[in-house]
Amino acid sequence: MKEKLKLYSYWRSSCGHRVRIALSLKVIEYEYIPVNLLKGEQFDPDFMKINPMGTVPALVDGEVVITDSFAIIMYLDEKYPEPPLLPRDLHKRALNYQVASIISSGIQPHQNLAVIIKHDKLHFCFFVRYIEEKTNGEEKIAWVNNAIRKGYTALEKLLVNYAGIYATGDEIYLADLFLVAQVHGAMIKFKIDVEPYPTLAKCYESYKELSVFEDAVPAKQPDAPAPMI
Ligand SMILES: N[C@@H](CCC(=O)N[C@@H](CS)C(=O)NCC(=O)O)C(=O)O
């Protein structure tokens, strides 16, 4: 029997969220392997063999090991072409790449709650926690807000003339996976609302109606804490 794909992820990771949507859209079965980022499990030697960067997500497909959500999604799209995550139209395709890139390199790294190991102890130190440690909580909030709002402003300008029901038209493509995970995460973790960005807000409303998006939400993952009653 063919082994299922394995996805190493963490329920709150927005990078993992993007990949889960791709798996869900393409109806690919997979095994979910939680890596608790707050406990520093990303630095366990066994996980570091899979991803020496010590981040999630990571995908294992037999002998093939892929880290980085963008690369994982592209791999899935090539291996399982239906439904395609890139439009045929070159301009639209480029828009999709831009959205993915703005979010994965222009926004997410600035809000990443990264952890390093210092003096043999887990130490939250990169970007967000580092700023908090070196300054104060207000500076941290300002830093994250600034990075996210700058990114959202750029995305709004980029998409205003091209969006339909979704980011680049009436079909779901790569840009949507990145956008939904970003907007959802920023709202829950940093209370940053997308309302001031009407195109992004309209797309986000459309995603909420789709069960493939609903199944991938962080709170529904096996490692998410049980809801408080
Ligand atoms: N470019 C990478 C970024 C991966 C990344 O930063 N993952 C975060 C979660 S969204 C993480 O594992 N952070 C834990 C840490 O940095 O210690 C991707 O898209 O997969």
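Helix α4 covers residues 90–111, and its 22 residues reach 31 Å from the first C-alpha to the last, close to the 32 Å expected at 1.5 Å a residue. The expected span is 1.5 Å times one less than the number of residues. Helices (H or I, at least four residues) and strands (E, at least two) are DSSP runs, numbered from the N terminus. The structure is a predicted model, in which local features need pLDDT of at least 70 and side-chain atom pairs count only at pLDDT 80 or more, while totals for chains, interfaces and linings use all residues. Residues are numbered from 1 along each chain as its sequence is written, and side-chain values use heavy atoms, with hydrogens and water left out.

At I103, α4 bends by about 30 degrees; the bend is the angle between axes fitted to the seven residues ending at a residue and the seven starting there. I103 is also one of the buried residues of α4, as are L95, N96, V99, A100, I107, Q108 and Q111. Buried means under 20% relative accessible area, exposed over 50%, and partly exposed in between (1.4 Å probe, protein chains only). At the start of α4, a side-chain oxygen of D89 comes to within 3.2 Å of the backbone nitrogen of H91.

The loop between β2 (30–34) and α2 (45–50) contains Q42. Q42 counts as buried because its relative accessibility is 4%. A polar atom of the Q42 side chain lies 3.5 Å from the backbone oxygen of L37.

Strands β3 (residues 58–61) and β4 (residues 64–67) pair in the antiparallel sense over four bridges; two strands pair if DSSP finds at least two bridges between them. D61 has V64 in β4 as its bridge partner. The two strands form a hairpin with two residues between them, and G62 in the turn has a positive phi of about 65 degrees.

Six aromatic pairs are present in the structure. Y152 and Y197 form an edge-to-face pair, 5.4 Å centre to centre with 80 degrees between the planes. Rings of Phe, Tyr and Trp (its six-membered ring) pair if their centres lie within 6.5 Å; planes under 30 degrees apart count as stacked, over 60 as edge-to-face and the rest as tilted. Y152 belongs to helix α6 (residues 137–159) and Y197 to the loop between α7 (174–190) and α8 (198–208), 45 residues apart. Both Y152 and Y197 are buried. Y166 and Y207 form a stacked pair, 6.0 Å centre to centre with 5 degrees between the planes. Y166 lies in the loop between α6 and α7 and Y207 in helix α8, so this pair ties together parts 41 residues apart in sequence. Ring pairs link Y166, Y207 and F213 into a cluster.

Technical notes: Polar contact = N/O pair within 3.5 Å; in protein donor to acceptor, adjacent residues only side chain to side chain.
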